[in-house]
Structure formats: C-alpha cells, structure tokens
Amino acid sequence: PFYAPTHSGAVVVRVKPAVVKTPTALGITVASGTITAGATDTVNGALTADAKSLPKHWVWLATFTDGKVHALRARLTDKSGDVTFTVKPAATTTYELLYRGNDVLNPTASEALTITVTPAS
C-alpha cells in the first residue's frame with residue numbers, strides 16, 4: 001500500500017562454453033645429484049602434452065624453503081621441449097620445475113629432486 005509498482009532493467013548474461021585444457025607433463029632429472037660445495041650441477045626438464053614436446057614455453061625452476069615453493073628463474077623450452085638450468089647450491093637443496101599453463105594447456109609441476117651438497121675436502 002505504500003509503494004508504487006516498479007521493475008528492474010533488463011540484464012543479459014552470456015555463458016561461455018567451458019574450455020577443456022590439454023593435460024601437460026613435466027619431467028625432471030639432475031646430472032649428478034651429489035656435488036661438492038662450490039661445484040655446479042644441472043637440472044634438466046622436458047615439457048610434453050599428449051606425448052608431444054612443447055617448444056617455446058616458459059618453465060620455472062623452483063626450490064622449497066620452509067615448506068613453501070619459491071620460483072627462482074625461468075627459461076624457454078627448446079625446439080625439443082627441453083629446458084636446462086645450471087645451479088650452484090650452497091647447501092643441500094630440493095628443486096622442482098613448474099609450468100604455469102596457458103589458454104589451452106594445463107599447468108603442471110615435476111616431481112621434486114634433491115641435490116645433496118657435501119663439504120669440500
């Protein structure tokens with residue numbers, strides 16, 4: 001009894017179809033796994049989707065500190081989908097490779113591998 005009838009303005013809602021992204025896989029290896037303090041080691045990765053290499057995609061090298069992942073630096077995969085990082089850890093360090101994905105590819109992470117650093121003689 002106190003208010004006059006009214007209506008709201010028209011609203012259009014557009015629903016985009018769900019994008020199904022292709023799963024990706026990221027392998028990781030280390031050249032040695034155990035080095036002497038002051039030496040370098042190599043962390044290698046291979047990025048694939050549907051068993052095909054993914055060239056020219058950014059892969060991040062990351063470490064674990066206090067239970068958290070910290071991205072250190074990134075490199076583009078080569079024409080074979082491979083990526084290489086040279087590392088010189090001062091102490092035993094666990095590394096992981098990360099791929100953040102894009103509009104059509106899912107993000108992924110490699111398993112974690114540890115490089116053990118032993119004291120110099």
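1. Along the principal axes, the C-alpha atoms fill a box of roughly 95 × 40 × 15 Å.

2. A word on the source: this is a predicted model, where local features need pLDDT of at least 70, side-chain atom pairs count only at pLDDT 80 or more, and totals for chains, interfaces and linings use all residues. Residues are numbered from 1 along each chain as its sequence is written, and side-chain values use heavy atoms, leaving out hydrogens and water.

3. You will find ten strands and zero helices here (DSSP runs numbered from the N terminus: E of at least two residues for strands, H or I of at least four for helices). Of the contacts with a separation of 6 or more, 58% come from residues 24 or more positions apart (contact means heavy atoms within 4.5 Å).

4. Of the 121 residues, 27% count as buried (under 20% relative accessible area, with exposed over 50% and partly exposed in between; 1.4 Å probe, protein chains only).

5. A51, between strand 3 (41-49) and strand 4 (52-53), has a positive phi of about 65 degrees although it is not a glycine. A51 counts as exposed because its relative accessibility is 78%. K56, in the loop between strand 4 and strand 5 (58-65), is likewise not a glycine and has a positive phi of about 60 degrees. At 69% relative accessibility, K56 is exposed too.
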